[in-house]
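Try each task yourself, then follow the solution step by step.

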Amino acid sequence: MYNDYQELITVKELQKMLGIGKNTAYSLLKQNKIKCFRIGKLWKIPKGAVQEYILTKSHLN
């Protein structure tokens, strides 16, 4: 499923991966619940950070 995405994803891709809305996505990023960084106005999210977040929330690690 995640193989379709580049190593750095956008907020739109994050929304699609998690099935969440824009406000929730930005909230997760701003609260540092998913590791990310900004280049100017663009948010960049490592694909591994999303997978880590999912594992943490699902208690599978």
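Keep in mind that the model is predicted.

**Exercise 1.** Find the aromatic pair in the structure and describe how its rings are arranged.

*Solution.* 
Step 1. A pair of aromatic rings is described by the distance of the centres and the angle of the planes.
Step 2. Searching the whole structure gives 1 aromatic pair. Its partners are Tyr 26 and Trp 43, with 6.1 Å from centre to centre and 65 degrees between the planes. Planes over 60 degrees apart count as edge-to-face, so this pair is edge-to-face.
Step 3. Now place the partners: Tyr 26 belongs to helix α2 (residues 22-30) and Trp 43 to strand β3 (residues 42-46), so the pair ties together parts 17 residues apart in sequence.
Step 4. Check the accessibility. Trp 43 has 14%, which is under 20%, so Trp 43 is buried. Tyr 26, at 27%, is partly exposed.

**Exercise 2.** Work out which residues of helix α1 (residues 11-18) are buried, and where they sit around the axis.

*Solution.* 
Step 1. The buried residues in α1 are Val 11, Leu 14, Gln 15 and Met 17.
Step 2. These residues span an arc of only 165 degrees around the axis, so they lie on the same side of α1.
Step 3. Turn to the other side of α1: Lys 12 and Lys 16 are exposed there.
Step 4. Look for the cover over the buried residues of α1: it includes β1 (8-9), α2, β3 and α3 (47-58).

Key: Residues are numbered from 1 along each chain as its sequence is written. This is a predicted model: local features need pLDDT of at least 70, side-chain atom pairs count only at pLDDT 80 or more; totals for chains, interfaces and linings use all residues. Side-chain values use heavy atoms; hydrogens and water are left out. Rings of Phe, Tyr and Trp (its six-membered ring) pair if their centres lie within 6.5 Å; planes under 30 degrees apart count as stacked, over 60 as edge-to-face and the rest as tilted. Helices (H or I, at least four residues) and strands (E, at least two) are DSSP runs, numbered from the N terminus. Buried means under 20% relative accessible area, exposed over 50%, partly exposed in between (1.4 Å probe, protein chains only). The arc is that of the directions from the helix axis to the C-beta atoms. Contact means heavy atoms within 4.5 Å.
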